[in-house]
Amino acid sequence: MTYKRTKVKGSRAKLREYFLQNVDRILDSDTLREVAGTSEWARRVRELRNEEGMNIVTHNDRSDLKPGQYLLVDLKPLPSFGRDISKETRAYVLDRNGFTCQMCGAAAGEPHPFDQGRKTRLHIGHIIDKSMGGTDAPSNLRAICSVCNEGASNLTLNRPETIKLIAQVRRAPTKDQIEVLKWLIQKFEKLTRDFLKST
Ligand SMILES: [Zn+2]
C-alpha cells in the first residue's frame with residue numbers, strides 16, 4: 001500500500017489521501033477499513049462525501065458497483081451538494097419537496113425510475129447556482145437525486161411512460177396530488193365537466 005501512515009494523521013485524512021491516489025478505481029470495504037485503521041471507516045467515508053463533497057459513489061448510486069465497493073469518480077467536488085447548508089434547512093427543503101427529486105420525480109429510497117438497480121438518493125441543490133449569485137436560502141434550494149445531480153438529464157428529459165407517471169402521482173403527497181388535479185381540471189375544463197355529468 002502506498003499511503004503514508006503517520007501517527008498524527010486521522011483516519012479521515014488517510015482515507016482522503018487513499019481515495020485521491022485511486023481516482024476511478026473500485027475500492028472494497030476490506031481495503032478501506034485497513035487504510036482507515038478503524039471500525040468507523042464507513043462513517044469517515046460518508047463524511048468525505050457529505051462534508052467535503054468528494055464524488056464517492058457506491059452500489060446505491062451505480063448499478064455496476066457491488067455492495068461494499070466504493071469509487072471516487074473524479075476530482076470535481078459535488079457541485080450542488082450544499083455542504084454549508086444546515087441540517088434543519090436540508091430537512092425543511094426535503095419535506096417541502098415531498099422527498100422527491102424536483103427534476104425527474106424519483107422518490108427517496110425507491111429504485112430510480114431510469115436505473116432500477118439504483119436506489120434514489122436525494123441531495124440539496126441550488127436552483128440558481130452559487131456561481132451565478134444564488135443563495136443558500138430555502139427558496140433557492142430544491143431536492144435533486146444523484147442521477148440528475150450527475151447531469152444525466154438527457155435520460156431524465158425523456159417523457160415518462162404512463163405507468164411510471166401514474167406511479168409518481170400515486171406516491172406524491174396529497175397536497176401535490178391536489179395540485180396535479182387542479183392543473184388537469186384547468187387544462188381539461190370541458191372534459192372534466194362532461195365527465196362529472198356522466199358519473
Ligand atoms: Zn432526479
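Lys175 and Asp176 join in a salt bridge, with their closest N and O atoms 3.4 Å apart. Lys175 is partly exposed at 49% relative accessibility, and Asp176 is partly exposed too, at 26%. Keep in mind as you look around that this is a predicted model.

The whole structure holds 11 salt bridges, and some of them form a network that links Arg12, Arg16, Arg44, Glu47 and Glu52. Within it, Arg12 meets Glu47 at 3.2 Å, N to O. Arg12 sits in helix α1 (residues 11-21) and Glu47 in helix α3 (residues 41-50), so this pair ties together parts that are 35 residues apart in sequence. Glu47 has a relative accessible area of 16%, so it is buried, while Arg12, at 23%, is partly exposed. Arg16 pairs with Glu52, and their closest N and O atoms are 2.9 Å apart. Here helix α1 is linked to the loop between α3 and β2 (56-57), 36 residues away.

Now turn to the zinc ion. Its protein donors are the SG atoms of Cys101, Cys104, Cys145 and Cys148, lying 2.3 Å from it. These 4 donor atoms subtend angles of 107 to 113°, which makes the arrangement tetrahedral. Along the chain, the donors follow the spacing C-x2-C-x40-C-x2-C. Cys104 lies in the loop between α4 (87-96) and β4 (111-112) and Cys145 in strand β7 (residues 141-145), so the pair ties together parts 41 residues apart in sequence. Both Cys104 and Cys145 are buried.

How far can you trust the picture? The mean pLDDT is 83, and 88% of residues reach 70 or more. Where pLDDT is low, the predicted coordinates should not be read in detail.

Note on methods:
Residues are numbered from 1 along each chain as its sequence is written. This is a predicted model: local features need pLDDT of at least 70, side-chain atom pairs count only at pLDDT 80 or more; totals for chains, interfaces and linings use all residues. Side-chain values use heavy atoms; hydrogens and water are left out. Donors are N, O and S atoms within 2.8 Å of the metal (3.2 Å for Na, K and Ca); water is not among the atoms, so sites may look incomplete. Four donors count as tetrahedral if all angles lie between 85 and 135 degrees; four count as square planar and six as octahedral if opposite donors are over 155 degrees apart and all others between 65 and 115; anything else is irregular. Helices (H or I, at least four residues) and strands (E, at least two) are DSSP runs, numbered from the N terminus. Buried means under 20% relative accessible area, exposed over 50%, partly exposed in between (1.4 Å probe, protein chains only). pLDDT is the predictor's confidence in each residue, from 0 to 100. A salt bridge is a side-chain nitrogen of Lys or Arg within 4 Å of a carboxyl oxygen of Asp or Glu.
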